[in-house]
Amino acid sequence: MPNVNIKILLALAIASIILPAACSSGATTSTSTITTTVIPPVTTTTAAAYTVPDLEYRLFAQFDVFWCDPDFYPVARPGAESGNAVAQFPAIQANTDEFDAILKYLSLENKTSYSDDEKLLVYRQHKKLAYGAQITPSGNVYSFSLRTGEGQGWRYEGTITPAGVISVTSKVASFNTCPICLTKGTLIDTPSGAVPVEQLRRGMTVWTVDPTGSRVAVPIISTAATPVPSPFMVVQITLADGRTVSVSPGHPSAAKTALGDYKVGDILDGSPVAAAVRVAYSEGATYDILPGGGTGLYWANGILLLSTLA
């Protein structure tokens, strides 16, 4: 009998070790070397199912998210943010899930009207939700991607459940800056012919306009290439005379107006705008140059533009 008791106790001890390991949420059959970090949801008394904007706020609470504000980068336009806040408020309000999440975050619930200052606060949160993190359905969870830290920072990817449980599956180094303007392949006018912007280097010669309005050849003072987040939208402008260019919405024309503000019928470099649409861009980086001569002007796909580096 003593031997039988010892065997029973030994079996129970082994089972107590094996069973928890088999039931652990961390158990996996994958051979991946990625370490998954799980951030549990805020403790509640009942199971929660959050809206997508609520989940984005959950991510913002855990990560210092880096994003680029289209009203200020690369060129800030006086009054643009407040004007856009008022103009876009009806559309923001129509998105019930997002609007409710913003009001809850700002403690502006139970109001029937909003001042322009309150509309500006709502608009700023709308931009953060739109540009701060990418979150998409993936089975019965959501996949997310976001960046943290300006300059040398990090890019995080993972999943978040409808209950708000965050699982980080990837953390890689990322140099985080806001995209600079011209899309890859944009042709810059030079005395030797049109050259793709990504091939230009400091000291190479391009055409510019000097302070007297004359077309002159000058060396490039500096160039820039900036990684873009995914997804990233650029504005594609097509003129009535056939010229077309795709750039970041904030890139300025020679008249110092952001190209994202141009509408059909507006005049750009002497020709009416025939179309202005937002399109996805996934070439990895955007580019800009700064020509010498003092004006910062150059021709991109035959359209006179102002450098963001000026």
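Reader: What makes the 28 residues in this predicted model a nonpolar core, and which of them touch the most other members?

Author: A nonpolar core is a set of buried residues of kinds such as Leu, Val, Ile and Phe, joined through side-chain atoms within 4.5 Å. The largest one here has 28 residues, and Leu59, Phe63, Val122, Phe144, Leu146 and Ile160 touch the most other members. Two or more residues come from each of H2, H3, H4, H5 and strands E2, E3, E4 and E5.

Reader: What does Ile160 touch?

Author: Leaving aside residues up to four places away in sequence, Ile160 touches Leu55, Arg58, Leu59, Ile135, Val141, Tyr142, Phe144, Val165 and Ile166. Apart from this core lies another, of 24 residues, including Leu182, Ile188, Val235 and Leu239.

Reader: Why are H3 and H5 called roughly perpendicular?

Author: Angles of 65 to 115 degrees count as roughly perpendicular. H3 and H5 pack at about 80°, with their axes 8 Å apart. The two helices are therefore roughly perpendicular to each other.

Reader: Which residues meet where H3 packs on H5?

Author: Among them are Val86, Phe89 and Ile92 in H3, and Leu120, Val122 and Tyr123 in H5. By class, the contact has 7 nonpolar, 4 polar and 5 charged residues.

Reader: Which residues of H4 are called buried, and what do they pack against?

Author: Buried means under 20% relative accessible area. In H4, residues 96-106, this holds for Glu98, Phe99, Ala101, Ile102 and Leu103. The buried residues of H4 pack against helices H2, H3 and H5. After H4 comes Ser107, with a positive phi near 60°.

Notes
Residues are numbered from 1 along each chain as its sequence is written. This is a predicted model: local features need pLDDT of at least 70, side-chain atom pairs count only at pLDDT 80 or more; totals for chains, interfaces and linings use all residues. Side-chain values use heavy atoms; hydrogens and water are left out. Buried means under 20% relative accessible area, exposed over 50%, partly exposed in between (1.4 Å probe, protein chains only). Helices (H or I, at least four residues) and strands (E, at least two) are DSSP runs, numbered from the N terminus. Contact means heavy atoms within 4.5 Å. Axes are lines fitted to C-alpha atoms, for helices over the stretch in contact, and angles run from 0 to 180 degrees between N-to-C directions. Angles under 35 degrees count as roughly parallel, over 145 as roughly antiparallel, 65 to 115 as roughly perpendicular and the rest as oblique. Ala, Val, Leu, Ile, Met, Phe, Trp, Tyr, Cys and Pro count as nonpolar, Asp, Glu, Lys and Arg as charged, and the others, Gly among them, as polar.
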